[in-house]
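Biologist: Please show me the model. I would like to ask how some of its labels were reached.

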Amino acid sequence: MEQTLSFEFEHEFVQNTERVKSVDLHPTEPWILLGLYSGTISVWNYQTKTEEKSLKISESPGHGNNVTAICAHPELPIIITASEDSTVKIWDAVTYRLQTTLNFGLERVWSIGYKKGSSELAFGCDKGFVIVKVNLLAAK
């Protein structure tokens, strides 16, 4: 049986100052996460149309280039960013503090994927792709 898709326009945000390189919807909050060309992460509440948080991650300890992909993990309390600087950064979704930096040696990182119900992440790079498993350790 053939299915027909229909779309309903819900929200529009105009970003006049920078190019939006990537977007993701937070799995539980009314937030849209933006990865901007300048290396900034911007978190907007799409119900109130207000910016909740802006984090310049192109500065230490963040990325050395623009953010190409962003992802709020649907089950783990992390935000994942990828960049043309060939790194992936894992951020605490509550404090926005950097948790770790990954470099797979596959040059620029363009995309992030996840497997629902697991802690596996996939990353698409210039020279291939990689799948990793995130192990969330309790703080000491």
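Biologist: What makes strand 7 mostly covered?

Modeller: Four of the five residues of strand 7 are buried. Buried means under 20% relative accessible area, exposed means over 50%, and partly exposed is in between, with a 1.4 Å probe and protein chains only. Strands are DSSP runs of E with at least two residues, numbered from the N terminus. This is a predicted model, in which local features need pLDDT of at least 70, side-chain atom pairs count only at pLDDT 80 or more, and totals for chains, interfaces and linings use all residues. Residues are numbered from 1 along each chain as its sequence is written, and side-chain values use heavy atoms, with hydrogens and water left out.

Biologist: How do you know that strand 6 and strand 7 pair?

Modeller: Two strands pair if DSSP finds at least two bridges between them. Strand 6 and strand 7 are joined by five bridges and run antiparallel, so they meet that definition. Ile78 stands opposite Asp92 in strand 7. The hairpin of these two strands has four residues between them, and Ser86 there takes a positive phi near 75°.

Biologist: Which strand does strand 7 pair with over four bridges?

Modeller: That partner is strand 8, residues 98-102, again in the antiparallel sense. Ile90 has Thr100 of strand 8 as its bridge partner. Five residues lie between strand 7 and strand 8 in their hairpin.

Biologist: What is the order of the strands in the open sheet?

Modeller: The four strands are ordered 5-6-7-8, with antiparallel pairing. Strand 5 and strand 8 are the edge strands, since each pairs on one side only. From one strand to the next, the twist averages 15°.

Biologist: Which residues touch the most other members of the largest nonpolar core?

Modeller: They are Ile78, Ile80, Val88, Val109 and Phe123, in a core of 15 residues. Strand 5 (67-72), strand 6 (78-83), strand 7 (88-92) and strand 10 (120-125) each give two or more residues to this core. Apart from it lies another core, of 13 residues, among them Trp31, Val67, Ile79 and Trp91. A nonpolar core is a set of buried Ala, Val, Leu, Ile, Met, Phe, Trp, Tyr and Cys residues joined through side-chain atoms within 4.5 Å.

Biologist: Which residues is Ile80 in contact with, leaving aside its neighbours within four places in sequence?

Modeller: Contact means heavy atoms within 4.5 Å. On that basis the partners of Ile80 are Ala69, Ile70, Cys71, His73, Val88, Lys89, Ile90, Ile112, Leu121 and Phe123.

Biologist: Why is Ser83 called buried?

Modeller: Its relative accessible area is 0%, so Ser83 counts as buried. Ser83 is in strand 6. Beyond its neighbours within four places in sequence, Ser83 is in contact with His63, Asn65, Asn66, Thr68, Arg108 and Val109.

Biologist: Is Tyr96 buried or exposed?

Modeller: Tyr96 has a relative accessible area of 14%, so it is buried. Tyr96 is found in the loop between strand 7 and strand 8. Its phi is near 65°, a positive value in a residue other than glycine. Most residues other than glycine have a negative phi.

Biologist: Why is Arg97 called exposed?

Modeller: Arg97 has a relative accessible area of 57%, so it is exposed. Arg97 also lies in the loop between strand 7 and strand 8. Leaving aside its neighbours within four places in sequence, Arg97 is in contact with Ile90, Trp91 and Asp92.

Biologist: What makes Glu107 partly exposed?

Modeller: Its relative accessible area is 39%, so Glu107 is partly exposed. Glu107 lies in the loop between strand 8 and strand 9 (109-114), and its phi is near 65°.

Biologist: Why is strand 2 called largely enclosed by the rest of the structure?

Modeller: Six of the six residues of strand 2 (residues 31-36) are buried, so the label applies. On one side these are Trp31, Leu33 and Gly35, and on the other Ile32, Leu34 and Leu36. Strand 1 (residues 20-25) pairs with strand 2 in the antiparallel sense over five bridges, with Ser22 opposite Gly35. In strand 3, the bridge partner of Gly35 is Ile41.

Technical notes:
Axes are lines fitted to C-alpha atoms, for helices over the stretch in contact, and angles run from 0 to 180 degrees between N-to-C directions.
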